[in-house]
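Hello,

Here is the structure I promised to pass on to you. Have a look at it first, and then read on for what turned up when I went through it.

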Amino acid sequence: NSVERSSLLPFHTFFDGDHRPILIDFNGEKLFGDPSFEIQRQKSRGLKLKDPRVVDQYLDILGKQLQYHKIFDKVESLNDTSEAKEWTDKNVQAYEKIDSILLECSRHADR
């Protein structure tokens, strides 16, 4: 038996429905046949929202990156294409590229 502990929580614990949540703690080695790995904590972000100097610096760097990559022009062009109902697979690729650039700009500004 791979169940080590279990618990039945009261009604309305998480939702307003009439279901009772069940928690089950499994032994990973017994359940999967090999040891399970400890879940790693996510790295904390460098951006501290309570420090206005850090936020201003982040926004300044991010704004410069967005201008450098002409993100606002690219988004406006895609928006015009969408409103004209001329959306194609090429536009989907352009949209995904913008998404990747936004992520990289955010990471760059967060250093």
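**Starting from one lysine**

K74 is found in helix α3. Please keep in mind throughout that this is a predicted model. With a relative accessible area of 35%, K74 is partly exposed. Setting aside its neighbours within four places in sequence, K74 is in contact with H69, I98 and I101.

**The overall picture**

The protein has four helices and two strands. Read from the N terminus, the elements follow the order β-β-α-α-α-α. The radius of gyration is 24 Å, well over the 13 Å that the globule rule gives for 111 residues, so the protein is more spread out than a compact globule. Its C-alpha trace spans about 60 × 40 × 35 Å along the principal axes.

A few totals go with that picture. Of the 111 residues, 17% count as buried. The accessible surface comes to about 10,100 Å², and carbon and sulfur atoms account for 53% of it. If you take the contacts between residues at least 6 apart in sequence, 35% of them join residues at least 24 apart.

**The nonpolar core**

Which residues make up the largest nonpolar core? There are eleven: L47, V55, Y58, L62, L66, I71, L78, I98, I101, C105 and A109. The elements giving two or more residues to this core are α2 (52–68), α3 (71–83) and α4 (89–109). A109, another member of the core, touches Y58, I61 and L62, if residues up to four places away in sequence are not counted.

**A nonpolar patch on the surface**

Nonpolar side chains also gather on the outside. V3, L8, I22, I24, F26, L31 and F32 form a surface patch with about 670 Å² of accessible area together. At least two residues of the patch come from each of β1 (3–8), β2 (22–26) and α1 (28–32), and β2 supplies the largest share, with three residues. V3 lies in strand β1 and counts as partly exposed because its relative accessibility is 37%.

S2 is worth a look while you are in this region. This serine lies in the segment before β1 and, at 13% relative accessibility, counts as buried. Leaving aside neighbours within four places in sequence, S2 is in contact with D25, F26, N27, K30 and L31. Two of these contacts, F26 and L31, are members of the surface patch.

**Salt bridges**

Side chains of opposite charge can pair when their charged atoms come close. How many salt bridges does the structure hold? There are four, and here are some of them.

- D25 pairs with R5, with the closest N and O atoms 2.4 Å apart. D25 lies in strand β2 and R5 in strand β1, so this pair ties together parts that are 20 residues apart in sequence. D25 is partly exposed at 28% relative accessible area, whereas R5 is exposed at 53%.
- K64 and D60 meet through their side chains at 3.3 Å, N to O. They are four residues apart in helix α2, which means they are separated by about one helical turn. K64 is exposed, with a relative accessible area of 51%, while D60 is partly exposed at 41%.
- R53 pairs with D51, the closest N and O atoms being 3.1 Å apart. At 66% relative accessibility, R53 counts as exposed.

**Two lysines with positive phi**

Most residues other than glycine have a negative phi. K70 has a positive phi, near 55°, and sits in the loop between α2 and α3. K85 also has a positive phi, of about 55°, although it is not a glycine. The place of K85 is in the loop between α3 and α4, and K85 counts as exposed at 75% relative accessibility.

Best wishes

Key
Residues are numbered from 1 along each chain as its sequence is written. This is a predicted model: local features need pLDDT of at least 70, side-chain atom pairs count only at pLDDT 80 or more; totals for chains, interfaces and linings use all residues. Side-chain values use heavy atoms; hydrogens and water are left out. Patches are made of residues with over 30% relative accessible area and no salt bridge: like charges are joined within 9 Å, nonpolar side chains (Val, Leu, Ile, Met, Phe, Trp, Tyr) within 5 Å. Accessible areas come from the Shrake-Rupley method with a 1.4 Å probe; for residues, only the protein chains shown count as cover. Buried means under 20% relative accessible area, exposed over 50%, partly exposed in between (1.4 Å probe, protein chains only). A nonpolar core is a set of buried Ala, Val, Leu, Ile, Met, Phe, Trp, Tyr and Cys residues joined through side-chain atoms within 4.5 Å. Contact means heavy atoms within 4.5 Å. The radius of gyration is taken over C-alpha atoms; the globule rule is 2.2 Å times the number of residues to the power 0.38.
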